[in-house]
Amino acid sequence: IVGSAVTTSSGKVGLGTGVPRSDIDLDGSTRFKTYHENVGVVTSSGNVVTLDLSSAQTFALTVDQAVLSFKLTNPPSGSTAFTVKITQDSTGYSVGIDTFNDNGGSAIPVYWPGGGTLPEVTTTAEKTDIYSFMTFDGGSSLYGVVGGQNFA
């Protein structure tokens, strides 16, 4: 349905499709001059950081205690990507960047480039690392890449 726009009774909008599958469903090529994303500010509670993918795909974490794991909630079906900026506070703590669990507590495997070489999160006070993750199966597995480490 090229060129059509549809609004359903549930408030979903479809562009190029008569049956929207998401809040806004665009079935066609897209051109943006610019765009921005919501940055979700997350904290650690009980050594766990929850990343809610229904609220953001970009997260900022200031580490003020050891992070043993990340809990991934509300991943969309199919594929998506998200990024975590990790900044150490004035102390510096360890971060389990390879330890992800789903909402039910089941482990989510994380695959890293270079034969699975696990990156070591910078623990130096007031330094920042950036990590991005991609899933192709609704969050059942993740592929991680290092965006950069030890930013000053």
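Predicted model: local features only at pLDDT ≥ 70, side-chain atom pairs only at ≥ 80, totals over all residues.
**Ground rules.** Local features need pLDDT of at least 70 and side-chain atom pairs count only at pLDDT 80 or more, while totals for chains, interfaces and linings use all residues. Residues are numbered from 1 along each chain as its sequence is written, and side-chain values use heavy atoms, with hydrogens and water left out.

**Entry: Thr-87.** I started with Thr-87, which sits in strand 9 (residues 80-88). Strands here are DSSP runs of E, at least two residues long, numbered from the N terminus. Is Thr-87 buried or exposed? Thr-87 counts as buried because its relative accessibility is 18%; buried means under 20% relative accessible area, exposed over 50%, and partly exposed in between (1.4 Å probe, protein chains only). Next I looked up its contacts (heavy atoms within 4.5 Å). Leaving aside neighbours within four places in sequence, Thr-87 touches Leu-61, Thr-62, Val-63, Lys-127 and Thr-128. With Thr-128 there is also a side chain to side chain polar contact at 2.9 Å. For that term I used a pair of N or O atoms within 3.5 Å; within protein, one must be able to donate a hydrogen and the other to accept it, and residues adjacent in sequence count only if both atoms are side-chain atoms.

Entry: I then followed the pairing, where two strands pair if DSSP finds at least two bridges between them. Strand 9 runs antiparallel to strand 13 (residues 128-135), joined by 8 bridges. Lys-85 has Ile-130 of strand 13 as its bridge partner. Strand 13 also pairs with strand 14 (residues 142-151), again antiparallel, over 6 bridges. Strands 13 and 14 make a hairpin with 6 residues between them, and Gly-138 in the turn has a positive phi of about 70 degrees.

**Entry: salt bridge.** How many salt bridges does a search of the whole structure find? The search finds 1, taking a salt bridge as a side-chain nitrogen of Lys or Arg within 4 Å of a carboxyl oxygen of Asp or Glu. Asp-25 forms a salt bridge with Arg-21, and their closest N and O atoms are 2.6 Å apart. Asp-25 counts as buried because its relative accessibility is 8%, whereas Arg-21, at 56%, counts as exposed.

**Entry: Tyr-111.** Last, I checked Tyr-111, which is in strand 12 (residues 110-111). Tyr-111 counts as partly exposed, at 41% relative accessibility.

Key: Helix = DSSP H or I, 4+ residues; strand = E, 2+ residues; numbered from the N terminus.
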